[in-house]
Structures are given as structure tokens and as C-alpha cells.
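Trainee: I would like to go through this structure and ask what stands behind each term.
Mentor: Go ahead, one term at a time.

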Amino acid sequence: MRRKAFLFLMLMAACAAQARPDGRQVYSEAAPQTVQASASSAMKDSIRASFDYVRNGQPFDFTFLEVGARYCVACRQMAKVMDEVRAKHPRVNVRFIDVSEQGSAPWVQHFNIKMIPTQIIFDREARVIYRHVGFIPTEKLEKKFKK
């Protein structure tokens with residue numbers, strides 16, 4: 001119970017962050033991370049089946065995975081960014097995982113999500129090539145989709 005309460009408080013703190021007076025977000029960019037070795041093989045297989053476009057033949061070059069919650073203010077701001085990416089980049093598979101919904105726990109654990117919103121970009125072979133925590137504007141995110 002304590003772990004759930006701690007996680008809930010961490011998520012609430014992440015969502016409560018506001019822009020500073022100078023206009024910058026309180027969040028910071030995290031370095032790209034590889035998929036953790038502790039993740040189950042079933043989760044790895046699920047990711048490969050969904051996002052490895054070389055193997056599954058889907059016409060995407062990237063996956064933009066947004067991890068957040070519908071109650072989170074910054075996550076709702078990211079919803080607009082997701083819509084813009086979806087409209088401008090048809091070869092980017094845009095996906096959302098709501099941490100408050102059942103079934104999201106394996107994803108949250110696998111990607112070691114500590115704060116929301118978190119963005120993860122996969123290349124065509126389902127490798128993580130970029131990871132960011134907090135709000136990110138469309139213009140900055142679009143640079144990650146260049147080959």
C-alpha cells in the first residue's frame with residue numbers, strides 16, 4: 001500500500017509542475033536508455049511484435065510512445081503534440097499508455113517510468129533511440145524523426 005501511495009504522490013508531483021517565469025518547463029530531458037534486462041521476455045516479445053516494423057511489415061519508421069495519464073495537466077498538453085505528430089508524420093506510429101488504467105503496470109515497470117509524461121521513441125527495429133520526461137514541444141520532438 002505504501003508503494004502505491006508513493007507512486008501516486010510522485011505522479012501527482014510530476015503533473016503539478018508548472019512553467020517557470022522565464023517560460024521553461026521544470027522537467028528535464030533524460031538520456032536515452034536501453035530496454036532493461038530485467039524485463040520479462042513476454043514484454044520484450046510484445047514490444048517486438050508491436051513496434052518492430054522490419055519484422056511485422058507495418059509501414060512505420062518510428063514509434064512515439066507517450067506514457068501519461070488523462071488527469072495530468074502536462075499529459076493533456078502532450079495530447080496536442082501527439083495529434084500534431086500524427087497529422088504531420090504518417091510514418092510515425094503514435095501510441096499512448098495511461099498509467100491509471102489497468103494493464104499499464106507491465107509497461108510502466110518495463111520502461112522504468114518514474115514521472116509522467118514520459119516520451120519514448122523507437123526506431124524501425126523497436127530499439128529505444130530517445131527518451132524524455134516532461135512536456136516537449138512539437139518542433140523539438142519532430143527533430144527526432146529525421147533519418
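Trainee: Which residue of strand 3 is the bridge partner of Thr63, and what makes two strands a pair?
Mentor: The partner of Thr63 in strand 3 is Phe122. Two strands pair if DSSP finds at least two bridges between them. Strand 1 and strand 3 are joined by 5 bridges and run antiparallel, so they count as a pair by that rule. This is a predicted model, in which local features need pLDDT of at least 70 and side-chain atom pairs count only at pLDDT 80 or more, while totals for chains, interfaces and linings use all residues. Residues are numbered from 1 along each chain as its sequence is written, and side-chain values use heavy atoms, leaving out hydrogens and water.

Trainee: What makes something a strand or a helix here?
Mentor: Both are DSSP runs, numbered from the N terminus: a helix is H or I with at least four residues, a strand is E with at least two. Strand 3 covers residues 118-122. Strand 3 also pairs with strand 4 in the antiparallel sense, over 5 bridges; one of the links is Ile121 to Tyr130. The two strands form a hairpin with 5 residues between them, and Ala126 in the turn has a positive phi of about 65 degrees.

Trainee: In what order do the strands lie, and why do strand 2 and strand 4 stand at the edges?
Mentor: The open sheet has 4 strands in the order 2-1-3-4, with mixed pairing. Strand 2 (92-98) and strand 4 (128-133) each have a single partner strand, so one side of each has no neighbour in the sheet.

Trainee: How many residues of strand 3 are buried, and what does buried mean?
Mentor: Buried means under 20% relative accessible area, exposed over 50%, and partly exposed in between, with a 1.4 Å probe and protein chains only.

Trainee: How do you know which residues of helix 2 are on the same side?
Mentor: Met43, Ile47 and Phe51 are the ones to look at, being buried in helix 2. They cover an arc of only 40 degrees around the axis, which puts them on the same side; the arc is that of the directions from the helix axis to the C-beta atoms. The face turned away from them carries the exposed residues Ser41, Ala42 and Ala49.

Trainee: What makes a set of residues a nonpolar core?
Mentor: The members are buried Ala, Val, Leu, Ile, Met, Phe, Trp, Tyr and Cys residues joined through side-chain atoms within 4.5 Å. The largest has 22 residues, and Ile47, Phe111 and Phe122 have the most contacts inside it. Helix 2 gives the most to this core, with 3 residues. A second, separate core of 13 residues includes Met82, Ile121, Tyr130 and Leu141.
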